[in-house]
Every structure is written in C-alpha cells, then in structure tokens.
Amino acid sequence: MVEARGTVESRARGAEDAGWHWALLALPAVAFVAVFFVVPLGEMVVQSITEPSPDNYATFVDTHAYVRVLLQTFRTAAIVTVTSIVLGYPYAYAMRRAGRLGFAALSMALLLPFWSSLLVRTFAWTTLLQDTGVINKALMSLGVIDEPLALMRNSLGVTIGMSHIMLPYMVLPLYAVMSRIDLSLTDAAKSLGAGPVTAFRRVFLPLSAPGLAAGTLLVFVLSLGFYITPALLGGPQNVLIGQLIADQVSINVNFGFASAVGIVLLVLTLLVLGTGGLLLQRSAAFKGLAR
Amino acid sequence: MSCSRHRKAVYAFATLVGAFLLLPTLVVVPMSFNKGSRLELPHSLSLKWYEAIFDSTMWRDAMWTSAQVALLTVVFATVLGTAAALGLARWRSKAVGPLMGLLLSPLIVPVVIFAVGVFLRYSQWHITGTMTGLVLAHVVMALPFVMVSVGSSVRTLDRNLELAAASLGAGPVLTFRRVILPLIVPGVVAGALFAFITSWDEIVVAIFMTSPTFRTLPVVMWSQVRTQVDPSLAAVGTLLLAVSTLVLLAATLLRRTTRSSHG
C-alpha cells in the first residue's frame with residue numbers, strides 16, 4: 001500500500017509515542033477497582049467514626065480483651081513465621097541443589113497444596129488433629145498413648161495449620177533468590193580452605209538474605225489477617241483479629257466497631273509492609289544487590 | 001566428601017517437610033471412599049459419599065452457583081485485566097506505577113477487611129446476597145492475577161512487530177487483534193485460569209456476600225464442617241482438589257510456554 005512518506009512515518013511514530021489511547025485501555029479496570037474496592041474500604045473508615053463515633057477506636061484500645069487479641073495475633077504470626085523459616089529454608093535449599101527429578105518432586109509437593117483450597121486443607125488438618133483423628137487413632141492403636149493428645153483447639157493446632165498454609169509463601173521467594181546464586185562462589189570458598197558449613201554461612205546465607213527477608217515479610221503479613229484456619233483449628237484462646245472483625249459483623253452486628261478494628265489491622269499491615277519494604281531496599285542498596 | 005553428608009541431611013529434612021506438605025492435602029482422598037460414616041482412613045471402600053453429594057440438592061446447587069460465579073468472574077476479570085495490563089505496559093506516564101499499585105493492592109489488603117468493607121458498602125447498594133455483588137467482589141480479587149499473568153506475556157512482545165504493522169497501515173484495533181492478541185494468548189488464558197480458581201475457592205468474601213438461598217460451594221462446606229462432619233466433606237474436598245490441580249497445572253504449563261517461546 002503506497003502512502004505518502006510523512007503519513008507512514010507519523011503513524012509509526014504514533015505507535016511509539018506515550019499514547020494516551022493506551023491509558024484508555026487501563027481506564028475501565030482503574031474505575032472498576034476505584035468503585036468496587038476503594039469505596040468499600042472508604043466506607044469502613046466512615047463507619048468506624050460515625051457508627052456511633054470515633055470512640056470505637058478508644059473502645060478497642062481500652063478493652064483488655066481486645067488488646068489481648070491483637071497481641072495474640074502478632075504472637076501467632078511471629079511463631080508461624082519462625083516455623084516457616086525453619087521448615088522452609090532447608091526445603092528451598094534442597095530445591096536449589098537437587099537434580100531434575102528431585103526438584104520436580106519437591107516442586108510438586110510444594111505446589112499441590114498451594115493450589116488446593118485453603119478450606120479443604122484446613123479441614124484435612126481437623127481430620128488429622130482431632131481427638132478421634134488419624135494421628136491420635138494411630139498413636140493409640142500403637143499403644144504409644146492412652147488418651148488422645150490435644151492437638152487441636154489450641155495454639156499448637158493453629159500453628160501447625162497456618163505453617164502448612166504459609167510454607168509455600170516462604171519457599172517460593174526464597175527459591176527465587178537462591179536460584180540466582182552462583183554456586184561456584186561456595187566452591188571457590190571451599191577451595192580457599194573453608195569447610196562446607198563456613199562456606200554456607202559466609203557465602204550462601206548472606207546471598208540468600210533478600211529472599212529470606214521477602215518470605216518473612218510475606219508470611220508475617222499474611223498471618224496477621226488470617227481468619228479461616230485459626231477459626232477452625234483454634235480454641236477460645238486463639239481468637240485472632242480476623243475472627244474478631246468477622247464476629248463483630250456477623251454475630252454482634254456491630255459494624256462501626258468492626259470497621260474500626262478492620263482499619264487498625266489495615267494500618268498495621270501497611271506499616272509492617274512499609275517498614276519491611278524500606279529495610280529490604282536499604283539493605284539491597286548497601287550490599288550492591290539492587291538491580 | 002563431608003559436604004555430601006550435610007547434603008544428605010538437608011535432603012532428608014526436605015523429604016520430611018515434603019511429607020508434611022503433601023499428606024494433609026491428600027488425606028481427604030482416601031477418606032472420601034470410606035464405607036463407614038466417620039472421617040477416618042477407610043477399612044472398606046465405597047462410592048456412596050460421592051453419590052450422596054451428587055444426589056443432594058444442597059451440594060448440587062452450590063456447585064452450580066460456584067461455577068456461575070467463577071465463570072462470570074473470569075469473563076470480566078480477563079477482559080478488564082488484559083486491557084489494563086496492555087495499557088499500563090505501553091502508556092508512558094508517571095501515573096503508571098501508582099495505577100499498577102492500585103490495581104494490585106487487593107493482594108495486600110487482608111481478605112477479611114475487604115470482605116467487611118464490601119459487605120457494608122454493597123449492602124447499601126442492595127447487592128449483598130446476589131450474584132452481582134459476589135461477582136463484583138471476586139473480579140476485584142482476580143484482577144491482580146490476570147494482570148500479572150498478562151503483564152509478563154506483554155513484556156515479551158517484540159515492539160517491532162507492532163511498528164511493522166503500523167507501517168503497513170494497520171490501525172491500533174487491527175494491530176491488537178491480529179498481532180498482539182495472538183501472541184499474548186497463553187498469558188491471557190493462564191490469567192483466566194488463575195481468576196477462575198480465585199473465585200472458585202474463595203471463602204471469606206463469599207461468607208459475607210452469600211445468603212441462605214444463594215450459596216457457593218466453599219460456603220456450604222464451611223457451614224458443614226462445623227455441624228455435620230462425615231465423609232461427604234472428604235468427597236467434596238477431593239473434587240475441589242481435583243479441579244484446582246487440573247486448572248492450575250494447565251495455567252502453569254501455559255506460562256512455561258510463554259516463557260520458553262520467547263527465550
């Protein structure tokens with residue numbers, strides 16, 4: 001097709017310019033999220049201070065029981081995070097060093113639970129951990145115990161269940177960083193006389209730190225807002241903030257207070273994320289790992 | 001070499017962790033075939049629990065509702081998300097970063113907060129307990145997954161192809177239809193599959209947005225887990241597991257295709 005040179009060039013350039021017509025493509029999604037996501041969150045802010053008043057926040061902070069829920073939430077999140085690190089770091093390391101078959105097996109074992117529904121996995125844990133569950137039955141029939149162990153309706157059950165759910169969120173960022181670590185660096189350290197433990201500690205471990213930080217941050221933040229798993233596996237001692245919010249809405253019909261607690265959780269989540277993100281950026285910059 | 005001793009210890013530990021990951025996930029499968037009516041590993045096998053859930057109106061309605069909600073979510077999330085991913089990848093403006101953050105922000109807001117906010121606002125619009133309300137909320141949650149998936153596809157596009165099309169006289173719509181779209185199809189389909197699973201398995205928002213007459217599969221399961229606990233739950237769990245695995249396996253394979261075909 002023959003066109004005047006100027007037109008062809010300007011059309012070609014048009015495809016390359018900033019192109020506000022591209023912005024139009026993004027507009028529907030942006031408008032959608034603004035209306036159906038941001039507005040509901042705004043509604044929570046509004047109701048937290050108007051139903052009946054900003055005293056909602058005071059009630060939360062002043063009531064010992066509620067503050068305990070908040071502390072319990074942070075405690076649980078911390079325990080789950082540490083458990084995820086203890087279980088997840090060696091797992092990611094094994095994935096890094098495994099051959100093709102081992103890697104495939106380890107990936108499958110990680111991804112299959114990750115893909116399946118949270119509710120199904122939590123339910124599966126109830127069948128395993130309850131007094132008449134698989135674990136207790138097996139232990140009793142083997143004669144190891146006479147009475148069922150209390151594996152559920154307590155912090156132990158919550159920790160086990162939540163760690164199970166969180167493990168992929170720890171391993172995946174860790175592995176992503178580990179997969180880019182050049183293993184010849186640890187070989188070089190060994191050739192300079194370092195033992196395997198030293199080589200790991202002084203070469204590999206620091207290089208994997210960004211992945212560890214990312215996984216830790218992710219697991220901690222996700223654990224803060226958790227509702228379903230603690231509700232099913234925990235006892236009255238283990239009411240976490242997510243369940244408090246949900247119960248205030250569905251049981252107490254106390255929308256204003258529930259919104260206030262929700263906003264508190266949201267602000268805490270953003271604070272943790274923001275601080276963690278900043279620390280990550282600064283450490284990466286100092287170590288020259290920023291890309 | 002002594003390092004192989006350490007390596008073996010790590011592998012052994014990883015195997016234990018792998019068992020920890022897999023066994024609870026898979027334990028529902030044998031339980032679903034139990035002839036008895038308790039949730040335990042079966043002594044004798046039977047399909048009766050599968051028959052029970054397919055015979056039950058409650059479970060069948062829930063499955064059908066879940067499917068409808070998920071399909072509607074997929075359609076809207078894929079269309080909105082693909083357009084947005086493409087638009088934000090091409091638009092040169094300082095607004096792109098913040099807008100991308102906005103569209104991905106549902107990922108960092110704890111679900112229970114979003115669920116309560118949605119419940120409060122949508123009830124004023126009178127769409128709680130309706131398919132409309134639930135689909136709108138699910139589209140918000142599925143959008144980030146579509147955007148990440150399509151976004152990574154778009155990043156592998158060779159800009160020269162679009163320039164060549166433009167130089168041959170193609171307008172933007174034609175370029176999109178004949179050049180861009182065919183190349184990003186794997187990313188779009190993968191995103192659609194992630195969107196499907198996001199809606200299909202979603203529980204927290206569904207708890208707030210459903211009603212006694214309008215319930216999705218996870219909501220029914222949630223209510224049954226605390227009241228009537230028998231192997232029918234294991235059967236439902238197994239079915240859900242099968243669906244999730246198939247859908248997400250397909251999505252992962254599609255994303256590998258995108259990556260490998262573009263180096």
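**Entry: the surroundings of Ser232(B)**

Setting aside neighbours within four places in sequence, I found Ser232(B) in contact with Trp49(B) and Ile53(B) (contact means heavy atoms within 4.5 Å). I then placed Ser232(B) in helix α11 of chain B, residues 231-261 (helices are DSSP runs of H or I with at least four residues, numbered from the N terminus).

Next I checked its side chain: Ser232(B) makes a polar contact with the side chain of Asp230(B), at 2.4 Å (a polar contact is a pair of N or O atoms within 3.5 Å; within protein, one must be able to donate a hydrogen and the other to accept it, and residues adjacent in sequence count only if both atoms are side-chain atoms). I noted Ser232(B) as buried because its relative accessibility is 8% (buried is under 20% relative accessible area, with a 1.4 Å probe and protein chains only).

**Entry: how I read the model**

Residues are numbered from 1 along each chain as its sequence is written, and chains are lettered from A and ligands numbered from 1 in the order in which they are written. The model is predicted, so local features need pLDDT of at least 70, side-chain atom pairs count only at pLDDT 80 or more, and totals for chains, interfaces and linings use all residues; side-chain values use heavy atoms, with hydrogens and water left out.

Definitions and conventions:
Helices (H or I, at least four residues) and strands (E, at least two) are DSSP runs, numbered from the N terminus. Buried means under 20% relative accessible area, exposed over 50%, partly exposed in between (1.4 Å probe, protein chains only).
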